[in-house]
There are 2 protein chains.
Amino acid sequence: MPKLGMEPIRRAALIKATIAEIGRAGSLDVTVSQIARRAGVSSALAHHYFGAKEQIFLAAMRHILTVFGAQVRTELRGARGHRSRIEAIITASFDAENFRPAVIAAWLNFYVQAQTSKDARRLLRVYQKRLRSNLTHDLRPLVGGRAERVADGIGALIDGVYIRQALKDAPLRRDGAIALVRDYLALELETTPLATA
Amino acid sequence: MPKLGMEPIRRAALIKATIAEIGRAGSLDVTVSQIARRAGVSSALAHHYFGAKEQIFLAAMRHILTVFGAQVRTELRGARGHRSRIEAIITASFDAENFRPAVIAAWLNFYVQAQTSKDARRLLRVYQKRLRSNLTHDLRPLVGGRAERVADGIGALIDGVYIRQALKDAPLRRDGAIALVRDYLALELETTPLATA
DNA sequence: TGTTTTCTTGATTGACGAGTCAATAAAAAC
DNA sequence: GTTTTTATTGACTCGTCAATCAAGAAAACA
């Protein structure tokens with residue numbers, strides 16, 4: 001029953017299954033068979049489309065980053081002014097989609113993987129660089145020379161708050177996370193009010 | 001050649017070797033044999049003293065937390081006043097010992113492990129709770145009702161900055177990390193100057 | 001001296017899992 | 001209607017590794 005054009009469908013299903021399995025296991029100790037089973041295909045097919053296991057993980061992470069990037073652009077579209085744009089990025093970082101336990105687990109393991117895998121490391125660098133550049137761009141007019149410094153602070157705070165969610169067993173609270181980072185931004189802006197935006 | 005009283009010596013050597021191996025591998029994908037070899041013993045001996053592999057990891061993490069706790073107490077001993085005490089905790093968090101790449105790698109993987117292992121989770125909870133309580137205790141007189149909030153912010157920022165170090169390939173800069181968190185504290189204190197300390 | 005306790009390991013088992021391959025099946029192309 | 005392409009899998013190979021066990025070797029003890 002080989003319908004043509006199955007490849008993108010299978011790839012998407014496998015990626016989705018990968019994220020779900022990482023969420024279930026809480027680690028990368030997930031077998032290709034488990035992923036394949038959840039996606040409704042054989043493990044051989046997973047290897048057929050992705051090659052090695054690491055490629056599956058990378059594809060999953062690339063997908064998460066793509067979704068995140070799209071969310072950032074969406075939030076930015078409705079933002080007016082520098083401060084509003086920064087807050088949009090913060091909001092996107094804690095978007096409901098990215099805040100799912102399985103996605104958080106994937107992020108956490110991505111950090112681990114980045115220590116070993118060249119590809120993962122490169123991918124993570126791209127994300128961090130883009131985030132930093134986005135933040136700095138809008139921070140410059142607001143805090144001048146301290147832009148990089150504040151951007152690093154916001155970035156670290158986002159990561160820290162995000163990762164800590166992985167351990168909470170209470171239902172995750174997006175709003176609290178967003179408020180925390182936003183307050184930090186507010187503090188920085190109050191200190192150095194270069195311009196109004 | 002069985003000298004008596006080898007147990008504590010072997011345990012310590014195995015724990016040290018575990019941290020080193022995690023640092024080398026960047027993950028928990030480390031075999032008991034590798035750990036044992038580095039410690040200069042057979043893998044059977046590692047099992048003899050620790051039982052299962054997970055127990056070795058937990059012992060390593062317990063050791064790291066113990067060292068950290070001791071460092072906090074040391075720093076606190078020289079601190080005068082609430083603010084100084086909070087800064088002491090921050091400094092201890094980025095103590096040179098805890099800032100070694102291998103230790104950072106262990107922390108990162110500890111977070112991952114805490115999602116699966118009951119024991120790891122409990123251990124991490126203890127650490128987070130103690131940190132939070134320490135911070136809150138000294139923050140209360142400084143920022144009043146916002147103490148918990150600020151403590152969470154500092155905690156998250158420490159975690160975020162700490163974890164981001166895992167990816168830098170430049171030699172790690174303790175001072176920069178400490179300064180970043182300290183500045184955050186300064187901002188919070190400037191905003192709500194309830195008392196002077 | 002003989003026995004028990006502590007320390008230690010080589011060898012083995014048993015399970016599990018990544019990746020490969022040959023084979024099947026159906027659609028499309030010719 | 002034959003051939004090629006795409007989709008798909010069961011079965012198999014080859015490693016690896018956690019955990020166990022029986023056994024040896026030296027101290028302590030009786």
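Q: Which residues of helix 1 of chain B are called buried?
A: In this predicted model, the buried residues of helix 1 of chain B are B:Leu14, B:Ile15, B:Ala17, B:Thr18, B:Ile19, B:Ala20, B:Glu21 and B:Ile22. The term applies because 20 or more other C-beta atoms lie within 10 Å of the C-beta of a buried residue. These buried residues pack against helix 2 (32-39), helix 3 (43-50), helix 4 (53-77) and helix 6 (101-113) of chain B.

Q: What span is expected of helix 1 of chain B, and how far does the helix reach?
A: Helix 1 (residues 6-25) has 20 residues, and at 1.5 Å a residue 28 Å is expected. From its first C-alpha to its last the helix reaches 28 Å, close to that expectation. Just after helix 1 of chain B, B:Gly26 takes a positive phi of about 75 degrees.

Q: Why is the relation of chain A to chain B that of a two-fold axis?
A: Chain A is superposed on chain B by a rotation of 180 degrees with 0.0 Å of shift along the axis, at an RMSD of 0.0 Å; that is therefore the relation of a two-fold axis. In chain A, the C-alpha nearest the axis belongs to A:Gly160, 1.9 Å from it. The same surface serves both copies, as 100% of the contact residues of chain A recur in chain B.

Q: What makes up the side of chain A that touches chain B, by class?
A: Contact joins 27 residues of chain A with 27 residues of chain B. The largest share of this side of chain A, nine residues, comes from helix 8 of chain A. By class, the side has 15 nonpolar, eight polar and four charged residues.

Notes
Residues are numbered from 1 along each chain as its sequence is written. Chains are lettered from A and ligands numbered from 1 in the order in which they are written. This is a predicted model: local features need pLDDT of at least 70, side-chain atom pairs count only at pLDDT 80 or more; totals for chains, interfaces and linings use all residues. Two residues are in contact if their C-beta atoms, placed from the backbone, lie within 7 Å. Helices (H or I, at least four residues) and strands (E, at least two) are DSSP runs, numbered from the N terminus. Ala, Val, Leu, Ile, Met, Phe, Trp, Tyr, Cys and Pro count as nonpolar, Asp, Glu, Lys and Arg as charged, and the others, Gly among them, as polar. Copies are superposed by least squares on the C-alpha atoms of residues with pLDDT of at least 70 in both. The expected span of a helix is 1.5 Å times one less than its number of residues. A residue is buried if 20 or more other C-beta atoms lie within 10 Å of its own, exposed if 12 or fewer, and partly exposed in between; C-beta atoms are placed from the backbone.
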